[in-house]
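Please read the following points beside the structure. They are meant for someone who has not seen it before.

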Amino acid sequence: MPNQRRPWRLSLFIVFFLVATFFNPSLADVGTAAHYSPPYLRYAATACFGNDASQFPTDNLFAAAGDGIWDNGASCGRQYLVRCISAATPGTCNPSQTIQIRIVDRAETSVSRPSANGATIILSNTAFGAIANPSAASVNIEFQQ
């Protein structure tokens, strides 16, 4: 019966199409980002790499890990793609900009204090200014390792 239609194929295609359309998996997490100012390293050492000034990328796109990603220091050296997705004040984000940052410290013990407490990631002033208006204390971000 080669000419006989197989309705299960159409049903299977429809199910696959609906799953692919409505269940788009995302590999990114969401959280908040604040910023902190120099000095990033003074008399105290960073929680990740001590007194080594070479830990800071030359483009100044680095961050301190908040408690949500600190993971007992396992986040040290990790690199994340970070994008601003929203803020309390409209127009704060630069949504077309995604940056890559490196974790070099722990927010809780950093030399400089963050602009807002409890953030997932504390970005350097340079990194924060690349994705959002630097006058904002914090923004909502999407980030992925």
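1. F143 has a relative accessibility of 6% in this predicted model, and it counts as buried because that value is under the 20% cut-off. Y80 and F143 form an edge-to-face pair, with 5.8 Å from centre to centre and 70° between the planes. Y80 belongs to strand β3 (residues 79-86) and F143 to strand β6 (residues 138-144), so the pair ties together parts that lie 63 residues apart in sequence.

2. How many aromatic pairs does the structure hold? There are six. One of them joins Y40 and F56, whose ring centres are 6.4 Å apart; their planes meet at 40°, so this pair is tilted. Both residues lie in the loop between β1 (29-36) and β2, 16 residues apart. Y40 and F56 are both buried. Together with Y36 and F62, they make up one aromatic cluster.

3. Strand β2 covers residues 62-65. F62 and A64 point one way from β2, while A63 and A65 point the other way.

4. Which strands pair with β2 in the parallel and the antiparallel sense? The parallel partner is β4 (residues 98-106), over four bridges, and A65 stands opposite R106 there. The antiparallel partner is β5 (residues 121-124), over three bridges, where A63 stands opposite L123.

5. The largest nonpolar core has 24 residues, and V82, I101 and L123 touch the most other members. Elements giving two or more residues to this core are β2, α2, β3, β4, β5, α3 (125-131) and β6. Beyond its neighbours within four places in sequence, V82 is in contact with residues including I99, I101, I121, I131, I141 and F143. Another core, of eleven residues, lies apart from the largest one; among its members are Y36, F56, A64 and V104.

6. Is S75 buried or exposed? S75 has 0% relative accessibility, so it counts as buried. S75 sits in the loop between α2 (67-70) and β3. The side chain of S75 reaches the backbone oxygen of I69 at 3.4 Å. Leaving aside neighbours within four places in sequence, S75 is in contact with A65, I69, W70 and I103.

7. Some backbone geometry deserves a check. Most residues other than glycine have a negative phi, and most peptide bonds are trans. P38 and P39 are joined by a cis peptide bond, with omega of about 5°; P39 lies in the loop between β1 and β2. N60, found in the loop between β1 and β2, has a positive phi of about 60° although it is not a glycine. N60 counts as partly exposed, at 35% relative accessibility. N72 also has a positive phi, near 55°, and its place is in the loop between α2 and β3. With 77% relative accessibility, N72 counts as exposed.

Definitions and conventions. Residues numbered from 1 in each chain as written. Predicted model: local features only at pLDDT ≥ 70, side-chain atom pairs only at ≥ 80, totals over all residues. Heavy atoms only, no water. Buried < 20%, exposed > 50% of the residue type's maximum accessible area, 1.4 Å probe, protein only. Pairing = 2+ DSSP bridges. Phe/Tyr/Trp six-rings, centres within 6.5 Å; stacked < 30°, edge-to-face > 60°. Polar contact = N/O pair within 3.5 Å; in protein donor to acceptor, adjacent residues only side chain to side chain. Contact = heavy atoms within 4.5 Å. Core = buried A, V, L, I, M, F, W, Y, C linked by side-chain atoms within 4.5 Å.
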